[in-house]
2 protein chains.
Amino acid sequence: MNIGIVGLGLIGGSLGLDLRSQGHHISGVSRKQETCQRAIERGAVDDASTSLSLMERAEVVFICTPLGVMRSTVAALIPHLAPETVLTDVGSVKGWVVEEIAPLWANFVGGHPMAGTAESGIEAALPNLFVNAPYVLTPIASTPARATQLVEEIVRPLQVQIYHCQPEEHDRAVAWISHLPVMVSASLIAACLGESSPAVLEMAKSLASSGFRDTSRVGGGNPELGMMMATYNRSALVRSLHAYREILNQFIHWIEQENWVALEQALQHTRQARPAFTDQGSPCQSGQASSFSQP
Amino acid sequence: MNIGIVGLGLIGGSLGLDLRSQGHHISGVSRKQETCQRAIERGAVDDASTSLSLMERAEVVFICTPLGVMRSTVAALIPHLAPETVLTDVGSVKGWVVEEIAPLWANFVGGHPMAGTAESGIEAALPNLFVNAPYVLTPIASTPARATQLVEEIVRPLQVQIYHCQPEEHDRAVAWISHLPVMVSASLIAACLGESSPAVLEMAKSLASSGFRDTSRVGGGNPELGMMMATYNRSALVRSLHAYREILNQFIHWIEQENWVALEQALQHTRQARPAFTDQGSPCQSGQASSFSQP
């Protein structure tokens, strides 16, 4: 199949590597000629250009740009597309994207392959990046079934775990497990830095070990990611933050009141509940590549 | 040297293994005969007994019991000790311990070797558990310098990073980097579980990956540890929780108000600040085994 990829970074480049190895013909577009050249050299694309006109013969186009330029990219792309071309994206927020793009192009289905590394750019692209990763598709009522099926057929051979859900459900779910943790974790680092005694702060830095390292990791990550989450998934994130603050207040209250029974019950509950989010046996890891939470 | 260890669990047993390999004669006391037997078999002690009278010839005794029985253990131990015997403990809270034990025994110095695994008990004991780990000593004004020096001389060959500080400073520091993260992390799990839509909760569980796994790890750990922190380090923990809630409120406010400049500055600050807590180059990891934050 002729597949287009607009945006040749970590995700676009990795998709290109895998889809080419599946026998597809991949055309790539990047703003920079240098990136086009490297994408060809790395085998991520068959041909590449800085001009969107390269997408004219594509049957499916993956939009892999940052969220901030996605709408303008699609608007500029449309004049080059045949009407039956299917568009999909890889953005990590879906409500906003679907709201912006679906009105522009009928054959659009939102997507979110949930894989990545700490790196970015074409040099960071990796083969098999998506193996066992969730790949969420968010068709809405107006999305042609054929568009969704086509994207599924293309990505399923990458050994992803395909899920379907509403864009808003996706955004609420990722607010809990991806966007809220960043703010919770960043607040932890910021709170420690507020310690008024330099000696205690120095001691805290010296004594910090794996517990602090893990809890603070995503809060000490790339600020651009946190900004993207807050900007494009603001309402779901705020909702999660409010719920989190309520729970935190409960914990504080129990400790202040020395309500050890309630605190112990809560800690037992969180210990019991966590494996459902993290175990290898959870749906996203168990090889149910063709399962759907909402077919 | 004749060294006694009361409490033959992970820490007591691991200390025994290392101190015996340094040529010391180690006598161990456990409540259970079976544990005594296993400690001998594993090479953690030279002799062991369920009776504290075995401590009569010890020059230094390490109290390695849980915090909850530490005071009663020391009270029962005292009749068996020569007056010049040095007592030290390995409890992870120091203000409460020093307050309880120092009045009972003049030659007492509080200690906290900051190493461990997720396991407990004599079977979990490991040689070299303390290599590169911080070992905090918390002498107070009334602590004889000789007692502190003696404990230092014994533990330094285990390649620990020795720190001195006031018990209250220790407790404030570990509240930030160890006890607060547990409550922050447990609150994250509990908040997610409060999601009202079963479909969204199911999706969140399926999509959770390394970010959620790391941020939720210590909040999904052994409830006994969390209870110990809250019970014995309550005031420092509450103080940290209040400061954390203030910062969290700031983050929420910025996101609600779309104050992206402030949010981005905060996220850049946390990214820049985190390495001082986690880098291998921090004092606790850099091989300064004889350094003191407060000599």
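At what angle do the axes of α6(A) and helix α7 (residues 198–207) of chain B cross, and within what distance do they come? The legends below begin with that pair. This is a predicted model, in which local features need pLDDT of at least 70, side-chain atom pairs count only at pLDDT 80 or more, and totals for chains, interfaces and linings use all residues. Residues are numbered from 1 along each chain as its sequence is written, while chains are lettered from A and ligands numbered from 1 in the order in which they are written.

**View 1. The crossing of α6(A) with α7(B).** The two axes come within 8 Å and cross at roughly 55 degrees, where axes are lines fitted to C-alpha atoms, for helices over the stretch in contact, and angles run from 0 to 180 degrees between N-to-C directions. α6(A) and α7(B) are therefore oblique to each other (angles under 35 degrees count as roughly parallel, over 145 as roughly antiparallel, 65 to 115 as roughly perpendicular and the rest as oblique). Helices (H or I, at least four residues) and strands (E, at least two) are DSSP runs, numbered from the N terminus. On the α6(A) side the contact is made by Glu169(A), Arg172(A), Ala173(A), Val174(A), Trp176(A) and Ile177(A), and on the α7(B) side by Ala199(B), Val200(B), Met203(B), Ala204(B) and Leu207(B); two residues are in contact if their C-beta atoms, placed from the backbone, lie within 7 Å. These residues divide into 9 nonpolar, no polar and 2 charged (Ala, Val, Leu, Ile, Met, Phe, Trp, Tyr, Cys and Pro count as nonpolar, Asp, Glu, Lys and Arg as charged, and the others, Gly among them, as polar).

View 2. The buried residues are Val200(B), Glu202(B), Met203(B), Ala204(B), Lys205(B), Ser206(B) and Leu207(B). Their cover includes β7 (134–138), β8 (161–164), α6 and α12 of chain A, together with α6 (167–193) of chain B.

**View 3. The interface between chains A and B.** Here 85 residues of chain A are in contact with 84 residues of chain B. α6(A) gives the most to the side of chain A that touches chain B, with 20 residues, and the residues of that side divide into 49 nonpolar, 22 polar and 14 charged.

**View 4. The crossing of α11(A) with α6(B).** The axes of α11(A) and α6(B) come within 9 Å and cross at roughly 75 degrees, and that makes α11(A) roughly perpendicular to α6(B). Ala266(A), Leu267(A), His269(A), Thr270(A) and Ala273(A) of α11(A) meet Ala186(B), Ile189(B), Ala190(B) and Leu193(B) of α6(B), a contact whose residues divide into 7 nonpolar, 2 polar and no charged.

**View 5. Positive phi in two loops.** Gln159(A), in the loop between α5 (145–155) and β8 of chain A, has a phi near 65 degrees, a positive value in a residue other than glycine. Asn132(B), in the loop between β7 and β8 of chain B, has a positive phi of about 70 degrees although it is not a glycine. With 15 C-beta neighbours inside 10 Å, Gln159(A) counts as partly exposed, and Asn132(B), with 16, counts as partly exposed.

Definitions and conventions:
Buried ≥ 20, exposed ≤ 12 C-beta atoms within 10 Å, placed from the backbone.
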